[in-house]
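Hi there,

Here is the structure I promised to pass on to you. Please have it open while you read, and my notes on it follow below.

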Amino acid sequence: MESASVPAKEPLGGEAARQRVGAAQVRESWTPADPGPLGLAGFALTTFVLSMFNAGLVSHAGEPVVLGLALGYGGLAQLLAGMWEFRTGNTFGAVAFTSYGAFWLSFWAFVAFYAGDVPAGNLGDAVGLYLIAWGIFTTYMFVASLRTTAAVALVFVLLAATFFLLGIGNAGENEGLVEVGGWFGLATAAAAWYASFAAVTNSTFGRTVLPVHPLGR
């Protein structure tokens with residue numbers, strides 16, 4: 001009696017294995033969409049709302065509304081944008097968005113949980129130190145931004161001024177200086193919104209609709 005022929009099994013499991021290998025290659029080559037517009041938008045909106053209070057344009061009684069934005073949009077959304085920038089290989093964007101996402105999260109945590117533990121006489125100095133330290137970080141990020149775009153560099157120079165004005169104003173209990181810092185914060189928010197708007201619009205339209213003026217490399 002003739003023996004039945006049995007097809008040999010493929011060593012890697014045949015078609016199913018090839019599909020798994022192909023899927024793995026697709027995952028390895030996947031690049032996310034540009035997370036920059038999200039990070040800029042989260043930063044801009046949260047900065048705008050807080051700056052409205054700092055500039056004295058709305059009653060300070062409503063300031064707690066900032067906390068939800070600081071946690072959700074300025075904080076978590078921007079932190080995620082920073083993580084995605086790591087995936088794209090953009091060191092500047094990764095450091096910037098991750099850091100400012102952490103800034104808003106730390107701001108939320110301080111106001112919500114820790115501000116009451118600081119003696120009233122030391123609160124201005126503590127907040128001033130916090131803001132001035134962020135101003136120092138923002139200043140060296142501004143230097144790095146000079147190899148990105150004029151729109152992004154404008155955000156950083158305005159933000160550095162905002163942090164220093166607010167920091168010095170809080171440390172010296174100078175309400176006028178804090179209000180000036182609030183106005184600089186509004187300008188910062190407007191610049192960040194423009195940069196976000198330009199990035200998402202230019203990407204969607206596939207051409208330059210809103211210029212951002214790339215700086216020389």
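What percentage of the 217 residues of the protein count as buried? The figure is 39%, where buried means under 20% relative accessible area, exposed means over 50%, and partly exposed is in between (1.4 Å probe, protein chains only).

Before going further, a word on the source. This is a predicted model, in which local features need pLDDT of at least 70 and side-chain atom pairs count only at pLDDT 80 or more, while totals for chains, interfaces and linings use all residues. Residues are numbered from 1 along each chain as its sequence is written, and side-chain values use heavy atoms, with hydrogens and water left out.

Now the overall picture. The protein has 7 helices and 0 strands, so defined because helices (H or I, at least four residues) and strands (E, at least two) are DSSP runs, numbered from the N terminus. Read from the N terminus, the order of elements is α-α-α-α-α-α-α. If we take contacts (heavy atoms within 4.5 Å) between residues at least 6 apart in sequence, 68% of them join residues at least 24 apart. The accessible surface is about 12300 Å², and carbon and sulfur atoms account for 68% of that surface; such areas come from the Shrake-Rupley method with a 1.4 Å probe, and for residues only the protein chains shown count as cover.

Among the buried residues of H3 are Val66, Leu67, Gly74, Gly75 and Glu85, and their cover includes helix H2 (36–54) and helix H4 (91–114). After H3 comes glycine 89, with a positive phi near 85 degrees.

Leucine 38 belongs to helix H2 and counts as partly exposed because its relative accessibility is 32%.

Asparagine 54, in helix H2, counts as buried at 15% relative accessibility. Leaving aside neighbours within four places in sequence, asparagine 54 contacts His60, Leu166, Val178, Glu179 and Gly182. Asparagine 202 sits in helix H7 and is buried, with a relative accessible area of 15%. Not counting residues up to four places away in sequence, asparagine 202 touches Arg207, Thr208, Val209 and Leu210.

Finally, some backbone angles. Most residues other than glycine have a negative phi. Glutamate 173 has a positive phi, near 50 degrees; its place is the loop between helix H6 (150–171) and helix H7 (175–205), and glutamate 173 counts as exposed at 63% relative accessibility. Histidine 213, in the segment after H7, has a positive phi near 55 degrees and counts as exposed at 53% relative accessibility.

Best wishes
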